[in-house]
Amino acid sequence: MILINRIFYYFANIIILVFGSSAFVSGQCNFTQGPIGELCSSAIYICGSDLDGYTSKLPEELSANQQWPALCGGNGTADNIIWFSFTACSEKVTLQIIPSNCVVKNNSYIGLQAGMYEKCNKSASVACTDHTSGDGITTTITLSYDKFVPGSIAYFFLDGYAGSVCDFKIKVIEGIDTQPVTPPDPSTLSDGAITGINTISCEQLNTSQTYNLTPPQCEVNYNSICNITATLNPADSVCYVWQISPLDGRYFTNQDSTGRSTEITFTKPGVYTINADPYLHPYYGGSCANAACGDIISWQVIVEGPDTLINPIEILCPGDFRDFCGHTITTDSVVYCNSDPCNIIQQAFKVERSNLNVLGTQYICAGGSYNFQGIDYSLPGLYNVVDDSDCSLVHRFTVEAISLSISLNADTTVLNCNTTEIKIKASGISNGPLPLSYSWRDQNNMVLSTDTELNVVAAGRYFAKVIYDNNGINCEIEQFIDISSDFKKPSVTAFKPTVRCLSSKDPKPVLTLLSADPLIFSEWTLPLGGKTNGLNVQLDSLNAASGLPYKFFARSTNGCTLDTSFVINTNFEKASVTLTGDDLTCYNPRDTLILTTNISVDSIRWFKTLPQQAFYGSDPSKRSLPIDKGGTYKAEVMASSSKCWSDASIVIIDKIIYPNVSLQNGLKWNCNTKFIEIKPTATVGQTIQYTWNSVDGVINSDAKDMTLIAGAQGNYVIQVLNVENGCERRDTVNISQESNIPKSMTVKAQDILCFGESNGIIDIIDVDGGFGPYNYYVNGIKSDKLNITDLPKGEYLLEVRDKFDCSTTAKTIINEPEVFNISLPLELTIAFSVPTELTFTASYPDEDILSIIWTNSKNEILGTDFTLQYSSNVVDIVTVDVTTENGCTARAKIKVNVDNELKLYFPNIFSPNGDGFNDKLQIFKNTIPADIEQISIFDRYGNKVYQNDSFGFGENSDGWDGTFNSKPVEVGVYIMMIELIDFAGNKKVITKDLTLVR
């Protein structure tokens, strides 16, 4: 068990580290083993997936004494420290701590201090904060170290400077894997099961029942990058939590719902489902490892209720009573008798009168009465009246008074142009079962209708009556409503102006109407179709000039309307305007616009409308305008007679246009550059000429071409000229040597795992400089992968080329280990069933060996340690298979011979003569197990003279004394036949001669 102990010790260390430094509660599972975080030895272990982005707050103070009084190689004091631990996945680890919301506690100092350690002692600090300023740090803290051993546990602390309390956030920059490990597929794992009693009788209620769990298969995937090789230990890592549904009617007997078994007490009948869920330690749920378990099949329990016997209903006469199960019964009742909780008797009792005559409800009008057996009943209520001639007969009836109400409803009570007919609705309410009838009449007492509604078209008073008729009992109520009328039409008076041209500052003329009638709506329809509301309407020249009338429509509050129209007088004489002028060019950059009109005008205004608006003033004598910009110009004039404006526009084109030219700057001359084609963004056309020149460059194209072929680094200038107007522009481009080229590459080689294999690996980790995408070459052969696998031993030259063929190289070597072999003796002989120690010799040290398996010729495993304690009864071939940590295997065999030959010893002459020497025939053997099944002795004639079915070996056996039928046999030669069973169960027969003498 040497190898197993070594593996367990390694795993136990991991469990102590992980479980001793984290807390997790699910249901009632508690994996906490405090204290947590205050000491380096109890550091909070966090997987990378949880560490990246972890936020918390420093405690106010500590409860544990520190293991050493100072931090970071002797500097600093722990006031409210928190320790963390993590698994380094590469040599370099960088963390950022971001403090916030820091509060001063003991003095004026504020902020955090932090440090990183290789192990838990103050001399192992590798990165710490600097406090040369005499204060804590409130900005981002970076801790970094590049000599960690991948797969090792590292530590860091956060502490408030002088006890300052801060919030903080942790970010992983590099060196710690933050991607959660993919868990095993639960569907491939074996399910667990729950067993226990599944039917519980009523008598078993409130008694504890035991249920056991056969755990499901659980597996864990570890982060191979971090070299974690521990295995899942369910005893330390898995907790099972039981649940029962429904929640009512049961409880856990010991208030414990965790573990592989539980005690449950059921208190109510019903059907219950028992489930159990596995909960894994949070270590197995992040970037360090991820675990999963198979399902647990639920278990259903039926809890039976009591048996109930339902007896027939017992009828009791009025005034009688009955005693049952401790109850005195005087009214209708149902009694449950349960002296035995699991056997219940249900008995129903009914007390009733056999002679009851129900007459129902009798309705009366207000002030009336109901006569029964000569008595008037005028008050509403329930009556039980004994019959005059039969006292066992009771008449039961209810007297109820008819109540009537009526309401009249109409949307309006006035007839007018809007409403020429009014509908009046009567609504009656009664508490009687029969329908109501209606009657309408006018003020002349003429009956108009018997419906609930009446349509009215004339003013007057109208009466409605509601009638309830029940077998001659007539109850009624009446109400009236008054209707009036209004049909007067509205009238107006108009005031009309004359319409002329107006300026924007002049008020518009208004056509005004006056009316003494209240109007609820008035609307004008303009000559050109527009509409507007109100008594007055503004007049505009467009509508007035049409010569069509303005139409007016109005409605008064009574709905009666007015339609009329009006025609407006106008004066809209306008002057005709002409503008003249020439376009602007580089040769003629200025011009003067001239204005002419056909009639007298009062005002002249000059404008520019495009591309930007401008106003040049208003003057009746200003008939010219000097200009030096292209655009659209307009002149407006006002006619003296009508004050109407007219205008004219002229477009002046600005032909002073400079050509455009733009060159791309920052061009680079790369390793594979032969030439660079430079095409400017420039104006094109038949009137455009291009000219290139350079002082320090090389022009490999026609200098008059638009596109330049540059053959070297340098500065190049282009001139773009418009020969039509002589305008030109220039631009310069610089071509410089690209400085960003590959300078170095970082590679990592992994040696061959076992001799003779080709599984070496080269990882191209990083390239310093150059532009991607990169091409990689291994010994001159292009590779499409950064991870080159399946390589034999040897020296390798790696080259990287960027997109511009600039390159750099690196060399690395893949080594091959020596041959792994083991040896055993070819053959060995051992004693029968005597343990013998077998061991092998290996070319690798013990610590490199991962597994050892000893097997026999039946492929049965005999052991898994360096030494095998071996024993056997038969010859066999023993094989040992050994595997190293890197997966290298070796096999050796040994033939084990066993000395298992059975040897018998007995005298061939014996003398049963009473002299005390050889008086009885006895048989001896060696140590090989065997049993004599039968021994027989025959004389020379074949007669059997002795037989024993229980003959034993040794001196204490009951041997033959040389007699037959209690008489001595003759001397001579006899045949002895021995039938025996050997150690392997085989039957053997041995025949020997035996000489008997006296």
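Helices (H or I, at least four residues) and strands (E, at least two) are DSSP runs, numbered from the N terminus. The structure is a predicted model, in which local features need pLDDT of at least 70 and side-chain atom pairs count only at pLDDT 80 or more, while totals for chains, interfaces and linings use all residues. Residues are numbered from 1 along each chain as its sequence is written, and side-chain values use heavy atoms, with hydrogens and water left out.

Under the DSSP assignment, Lys496 falls in the loop between β42 (493-495) and β43 (499-500). Contact is defined as heavy atoms within 4.5 Å. When neighbours within four places in sequence are set aside, Lys496 is in contact with Leu511, Phe566, Val567 and Ile568.

At the level of the whole protein, 4 helices and 90 strands are assigned. The radius of gyration, taken over C-alpha atoms, is 60 Å. A compact globule of 998 residues would have a value near 30 Å, the globule rule being 2.2 Å times the number of residues to the power 0.38. The C-alpha trace spans about 185 × 145 × 75 Å along the principal axes. Of contacts between residues at least 6 apart in sequence, 62% join residues at least 24 apart.

Burial was assigned from relative accessible area, with buried meaning under 20%, exposed over 50%, and partly exposed in between (1.4 Å probe, protein chains only). By this criterion 37% of the 998 residues count as buried. The protein exposes about 54200 Å², of which carbon and sulfur atoms supply 49%; accessible areas come from the Shrake-Rupley method with a 1.4 Å probe, and for residues only the protein chains shown count as cover. The mean positions of the 68 positive and 109 negative charges are 12 Å apart. Here Lys and Arg count as positive and Asp and Glu as negative, without His and the chain ends, and each charge is placed at NZ of Lys, CZ of Arg, CG of Asp or CD of Glu.

Salt bridges were defined by a side-chain nitrogen of Lys or Arg within 4 Å of a carboxyl oxygen of Asp or Glu. The count by this rule is 22. In one of these, Glu453 pairs with Lys423, and the closest N and O atoms are 3.7 Å apart. This pair links distant parts of the chain, with Glu453 in strand β39 (residues 453-456) and Lys423 in strand β36 (residues 422-430), 30 residues apart. Glu453 is partly exposed, with a relative accessible area of 32%, and Lys423 is likewise partly exposed, at 48%.

A further salt bridge joins the side chains of Arg605 and Glu636, with an N to O distance of 2.8 Å. Distant parts of the chain are again linked: Arg605 is in strand β53 (residues 601-610) and Glu636 in strand β56 (residues 631-639), 31 residues apart. Arg605 counts as partly exposed at 25% relative accessibility, whereas Glu636 counts as buried at 14%. Glu636 also forms a salt bridge with Lys634 (3.2 Å, N to O), and both Lys634 and Glu636 are buried. Through shared partners, Arg605, Lys634 and Glu636 are joined into one network of salt bridges.

Two further loop positions were examined. Ser911 is placed in the loop between β83 (909-910) and β84 (924-925) and counts as buried because its relative accessibility is 11%. Beyond the neighbours within four places in sequence, the contacts of Ser911 are Phe917, Asn918, Asp919 and Val997. Ser911 and Ile627 are 284 residues apart in sequence and 166 Å apart in space, C-alpha to C-alpha. Gly136, in the loop between β8 (125-128) and β9 (141-145), is buried, with a relative accessible area of 15%.

Backbone geometry was also considered. Most residues other than glycine have a negative phi, and most peptide bonds are trans. The peptide bond from Ser245 to Pro246 is cis, with omega near 0 degrees, and the bond from Gly772 to Pro773 is cis, with omega near 5 degrees. Pro246 lies in the loop between β16 (238-245) and β17 (250-252). Gln373, in the loop between β30 (370-372) and β31 (375-377), has a positive phi near 55 degrees and is partly exposed at 30%.
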